[in-house]
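Please open the structure in your viewer and keep the selection tool at hand.

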Amino acid sequence: MDPEPLWLTLRLATLTTLILFVIALPMAYWLAYSRFKGRSVVEAIIGMPLVLPPSVLGFYLLLAFSPSRAFGQWLESTLGLRLVFSFPGLVVASIIYSLPFMIYPLQAGLQSLPASLREASYTLGKSAWTTFFKVLLPNSKSAILTALVLTFAHTVGEFGVVLMIGGNIPGVTKVASVAIYNEVEALNYDAANQYALVLFVVTFLILSIIYTINNRLLRVRHPA
Amino acid sequence: MSDTPLDISIRHSLSTAQGVISMEVALAVKPGEILALTGPSGAGKTTLLRIVAGLIQPQSGLVRYGSEVWTDTTGQVLRAPQRRPVGFVFQDYALFPHLTVRQNLAFALDRGQDEGIVDELLRAVELTELAGQKPAQLSGGQQQRVALARALVRKPQVLLLDEPMAALDRSMRYRMQDLLLDLHWQYRFMMILVTHDLAEIFRLADRVARLEDGRIAQVGSPGEIYTHNQDLSEEPLLYGEVLSVEVADDQLVVLALIQQQVRRLRLPQALAPQLTPGRSFLLRYSLETPMIELID
Amino acid sequence: MKYIALLVIVLTGLGGCTEPNKKVVVATAANVQYVMQELKEEFEKESDTEVEMVVSSSGKLTAQIREGAPFDVFVSADTQYPNEIHKNGGSDVAPRVYARGTLVLWTLDSTAIDLSINRLADKSIRKVALANPRTAPYGEAAVQAMEKAGIYEQVKDKLVYGESIAQTSQYIASGAADAGFTAMSVVLSPEMKGKGHWVKVDSSAYQPIEQAAVLLRHSEDSFKAQPSRDFFEFLFSGKAKAIFRKYGYSVE
């Protein structure tokens, strides 16, 4: 078994999760507190990756990223970036694909905090920015953890989109899920099982550790 | 600054459990005054506090503190809550669960402000020893004191309290009221508190404003509002609460809490149906017969 | 009560699914689906048997057949998968080659009139698509052709792999890859005809892409035994050969 696809999966999932966290924080904040009328439309758009089959989403991303089309052409001419068949392309696609898995838990976490926490901070002279980072986020640890875990796990398990826009290049876009698929296609079930087992064990361990931490956090906040 | 009055004159529509009511409140709070806001739930008491704090923008109207305009809907002025010299004690205390008591207070410090105030206030509310605890480890009364101390860190000129003692037992409430009076005397802020508790109103408030359906139904001193006899007699009034009632020698022996002390009153037996434990009354001293007046 | 009614509906619905299919079910490799469509229509015209096609990749179909999928005939895009099935007892008769595929080099850029394998080494071509050589014979043939032309090492880092000929063709047709190898049947299909520019790859540059079909055991015990055999035989008839040729396959 070649360990490279597993490393690639790990890198992709980690990078996607980190970048998405930074992108999702302000969006979740806005969705949680804005009274803007078009909010539901934005929420629905963010949820679309939940509805679209991954291969369909992958197909549209393939078209969008293709250098023969407007967006892909623009990327290539201005940024020198070709997203199709590249690792950065996978990261961008994973970010789009996993968007709801990061934003929804963060938004729900913020909305579940009592409004008085935010208002208390305001009446104590603190800006919205300080309030967000010093009050709201530290009290949303559980939601943050859920968002990070869901995004990471969802990216690890991502297949349809990667297969569509990745091009299966070893060491670049051939992640573990695609490697498993290849082995199954080649009727090489032993190798497929090995990849799947490693993926299963690693993911299981990561999730167990994180949920143990989470339960400890909850106990601190609500002592018996 | 304790000579600055607060003028409120607003209209706002308020959705309550009973439907939408339109608030229309004009109120002038005197410098250094302690004003109690009371009335049935849904009357707009909390909303009024939040408008003063700048947490809500009224649909129209004006909030002015001395010459400073805080809210003016015609001039499109809405000074942010951060920039109003206001302290707010929330009904649920709104303590930051992830910070210790000391950190909760220190959080409120303005940039460059002397940190000595934190210790001073911790001492004032007798929480120095619990300064390292998290709010979840404290009792209701302790949390309440933290909330109060935290609201005072910035030395507000107006302190707003939303049913601050609703969750406390009687003895704790008395101690808190004492503490509030002490702090008020020491820092000389204007104070507006929402409360349903008559004992609290009588002990703390200079004036009480009764809100009903978004309008001020009555304003006046507690005595004026709660004694139906509105004459301006100079007889001293004592507020009391019935603790227990017994019949002995054709008389009612009533144990009552008056001025924080348990007193025994001997009263005519005819009062028996009304004087039940938990009721409040006013004791009016006069040179003639002392009079008992029951209040709702 | 409501739930019981619902359950009954679901169960009767499922019951309907297990009713034996009267049609001949043909497991069809995705890259022969266009030509198979025409063969199916032709066959249905001359016999009164209906044919149902199940289209997927040869690898998936093979896995499904091994697990007892109710297919009567398997038309693969290579010989390896039918042989695998035969070896595992999924069929009593040896697979037979029905056609040979033709490899083409294809680009969306219609100005590239001098398209040739050697051009793939050019800087202007950044990504070259081919089917996964491990699983798809067209991919394997493409690698052989590049090796024969002596440019494989130079092109190696430009290669992107489709999981099937269909996906490879999508890479090329969408312009995501600058050029790529696919089956001639694809560029001649009604959907792709006239798109971009393609050239045949010299057939001596790669091993023949033999495509085989196999009559599956599933058909034998059923009342569909005869129609299934009829359809299988039809694949090797003169009429079928003409159709295969029309789609760019070579037949004996």
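Select helix H7 (residues 165-173) of chain C: H7 lies across strands S5, S6, S7 and S8 of chain C and runs at about 145 degrees to S8(C). Angles run from 0 to 180 degrees between N-to-C directions, and axes are lines fitted to C-alpha atoms, for helices over the stretch in contact. Helices (H or I, at least four residues) and strands (E, at least two) are DSSP runs, numbered from the N terminus. The model is predicted: local features need pLDDT of at least 70 and side-chain atom pairs count only at pLDDT 80 or more, while totals for chains, interfaces and linings use all residues. Residues are numbered from 1 along each chain as its sequence is written, chains are lettered from A and ligands numbered from 1 in the order in which they are written, and side-chain values use heavy atoms, with hydrogens and water left out.

Next, select the open sheet of chain C, in which five strands follow the order S7-S6-S8-S5-S9 with mixed pairing; two strands pair if DSSP finds at least two bridges between them. S7 (159-162) and S9 (197-200) of chain C stand at the edges with a single partner strand each, so one side of each has no neighbour in the sheet. From one strand to the next, the twist averages 30 degrees.

Now select helix H5 (residues 137-149) of chain C, which packs on the sheet and touches S5, S6 (128-131), S7 and S8 (179-183) of chain C; contact means heavy atoms within 4.5 Å. The direction of H5 makes about 130 degrees with that of S6(C).

Finally, select S5 (residues 103-107) of chain C, which is joined to S9(C) by four bridges and runs antiparallel to S9(C). Leu105(C) stands opposite Val199(C) in S9(C).
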